[in-house]
Amino acid sequence: MNIFVKFDFNAVCEQILREKLEQLGVPYSIVGFGEVSFSKKLSDEKRNEFEVALAAYGIEIVEDQKSILVQKIKDAIIEMISADEGEINVKSSVYLADKLEHSYGYLSNLFSEVTYTSIENFIIIQKIEYAKRLIIKSDMTLTEIAFKLSYSSVAHLSTQFKNTTGITPSAFQRIIEKRRALSDLNN
Amino acid sequence: MNTDYIHIILADDDEDDRLFFTDAFDELKINTKVQTYNDGVELMDYLNAPDSVLPQVLFLDLNMPRKSGMECLEEIKADTRFKDIAIAIYSTSASEEDIENTFVQGANIYIKKPSDFKKLKKALSQVVTINWQYHTNGLNKDNFLLRL
């Protein structure tokens with residue numbers, strides 16, 4: 001038997017962050033996702049202590065401004081993809097430029113420089129990953145999934161899926177099902 | 001982030017293929033460290049050593065003497081120590097049956113050995129870039145299937 005759980009990553013991370021900040025015992029406020037503001041400059045010992053406490057959770061303190069902005073771009077994209085239909089009705093370039101208050105050209109160059117991939121590519125990968133999750137976990141049809149992810153048609157989703165992964169959505173579904181059957185057999 | 005490198009291992013009994021493979025990575029702009037082994041036995045000896053440094057991506061040729069890629073894949077999938085390694089099958093075979101079977105057995109990537117060096121570079125760069133996305137963005141590796 002399998003049970004699926006869904007995580008709210010933002011909530012999980014924020015909770016960990018709050019706990020560790022409380023332990024640190026310095027006045028702070030959490031400004032946005034992944035951004036903490038301290039009213040006084042942290043001493044080196046405190047900063048170190050904070051870094052070590054977070055490391056256990058795979059959370060690291062990001063040093064440079066470029067990486068921070070790239071992380072904001074990624075967060076905005078993921079938020080955009082998981083938004084409900086009709087909630088965001090501008091092009092992704094316009095959405096990102098507005099939200100992050102930089103020109104799209106600047107964001108796009110920076111993103112490619114740091115991540116080895118383009119924003120467009122990142123959006124496609126994220127959308128296809130989301131489609132995979134929906135194919136596996138939900139009883140939505142491909143038509144419904146295509147609509148939810150704002151593809152103009154099922155054919156468009158299937159083509160992009162095939163171009164990105166090399167396999168069709170139905171082959172993907174079949175492989176995952178066979179894998180499960182195999183691991184049930186072994187357990 | 002750019003100072004990191006990606007650790008890659010290839011097991012392939014064909015010397016030319018190993019050479020093309022390492023040359024292709026040398027020419028990519030992504031920092032990589034590539035180790036090669038001549039067959040499945042050598043590979044598994046390395047991986048099973050308690051102090052081995054595990055790669056992020058492991059490329060397996062299917063047809064190798066002594067121990068085939070498929071046997072390696074099954075051993076690797078049975079050991080939780082190796083659960084974070086992305087497995088790429090690197091083979092001359094393109095039979096649908098082989099491909100689907102390796103995916104079902106837990107491979108993440110299937111690459112048919114390209115016919116020329118330029119295509120090889122392109123394919124390897126694609127693999128590394130997508131693997132990097134999975135690695136840095138916390139995507140679910142169980143859903144990582146890629147066929148080139």
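A residue counts as buried when its relative accessible area is under 20%, as exposed when this is over 50%, and as partly exposed in between. The model shown above is predicted, and the walk through it starts with a residue that this rule places in the middle class. E14(A) has a relative accessibility of 32%, so it is partly exposed. R18(A), at 34%, falls in the middle class too and is therefore partly exposed. The side chains of E14(A) and R18(A) meet in a salt bridge, with 3.1 Å from N to O. Both residues belong to helix α1 of chain A, which covers residues 9–24, and they lie four residues apart, or about one turn of the helix.

Side chains of opposite charge can pair when their charged atoms come close. Over all chains, a search of the whole structure finds 17 salt bridges. Another of them joins K113(B) to D17(B), at 2.7 Å from N to O. This pair links distant parts of chain B: K113(B) is in the loop between β5 (109–112) and α5, D17(B) is in helix α1, and 96 residues separate them. K113(B) has a relative accessibility of 12%, so it counts as buried. D17(B) is also buried, because its relative accessible area is 17% and the limit for that class is under 20%. Salt bridges with shared partners join D12(B), D17(B), D61(B) and K113(B) into one network. A further salt bridge is formed by K83(B) and D84(B), whose closest N and O atoms are 3.7 Å apart. Are K83(B) and D84(B) buried or exposed? Both are exposed.

Aromatic rings give another set of pairs. Over all chains the structure holds 11 aromatic pairs. In one of them, the rings of F38(A) and F50(A) have centres 6.2 Å apart and planes at 90°. Planes over 60 degrees apart count as edge-to-face, so the pair of F38(A) and F50(A) is edge-to-face. The pair links distant parts of chain A: F38(A) is in strand β2 (residues 35–38), F50(A) is in helix α2 (residues 44–55), and the two are 12 residues apart. F38(A) is partly exposed, because its relative accessibility is 23%. F50(A), at 6%, is therefore buried.

Chain B has an aromatic pair within one helix. F21(B) and F25(B) are four residues apart in helix α1 (residues 15–27) of chain B, so about one helical turn separates them. Their ring centres are 5.0 Å apart and their planes are at 70°, so this pair is edge-to-face. F21(B) counts as buried because its relative accessibility is 0%. F25(B) is buried with a relative accessible area of 2%. Ring pairs link F21(B), F25(B), F59(B) and Y90(B) into a cluster.

T102(B) is a buried residue in another helix of chain B. The residue lies in helix α4, and its relative accessibility is 1%, so it counts as buried. Which residues does T102(B) contact, leaving aside its neighbours within four places in sequence? They are L62(B), M70(B), L73(B), I89(B), A107(B) and Y110(B).

The last part of the walk is the interface of the two chains. There, 24 residues of chain B are in contact with 24 residues of chain A. The size of an interface is often given as the accessible area lost when the parts come together. Between chain B and chain A the buried area is about 2200 Å², and carbon and sulfur atoms give 55% of it. On the chain B side, V104(B), N143(B) and L145(B) lose the most area to chain A, together 26% of what that side buries.

How many salt bridges does the rule find across the interface of chain B and chain A? There are two. E100(B) forms a salt bridge with R174(A), and their closest N and O atoms are 2.8 Å apart. In chain B, α4 (96–104), α5 (117–136) and β6 (146–147) each supply at least two residues of the side that touches chain A. The most comes from α5(B), with six residues. By class, this side of chain B has 12 nonpolar, nine polar and three charged residues.

Notes. Residues are numbered from 1 along each chain as its sequence is written. Chains are lettered from A and ligands numbered from 1 in the order in which they are written. This is a predicted model: local features need pLDDT of at least 70, side-chain atom pairs count only at pLDDT 80 or more; totals for chains, interfaces and linings use all residues. Side-chain values use heavy atoms; hydrogens and water are left out. Contact means heavy atoms within 4.5 Å. Buried area is the accessible area (1.4 Å probe) that two parts lose on being put together, summed over both. A salt bridge is a side-chain nitrogen of Lys or Arg within 4 Å of a carboxyl oxygen of Asp or Glu. Ala, Val, Leu, Ile, Met, Phe, Trp, Tyr, Cys and Pro count as nonpolar, Asp, Glu, Lys and Arg as charged, and the others, Gly among them, as polar. Rings of Phe, Tyr and Trp (its six-membered ring) pair if their centres lie within 6.5 Å; planes under 30 degrees apart count as stacked, over 60 as edge-to-face and the rest as tilted. Buried means under 20% relative accessible area, exposed over 50%, partly exposed in between (1.4 Å probe, protein chains only).
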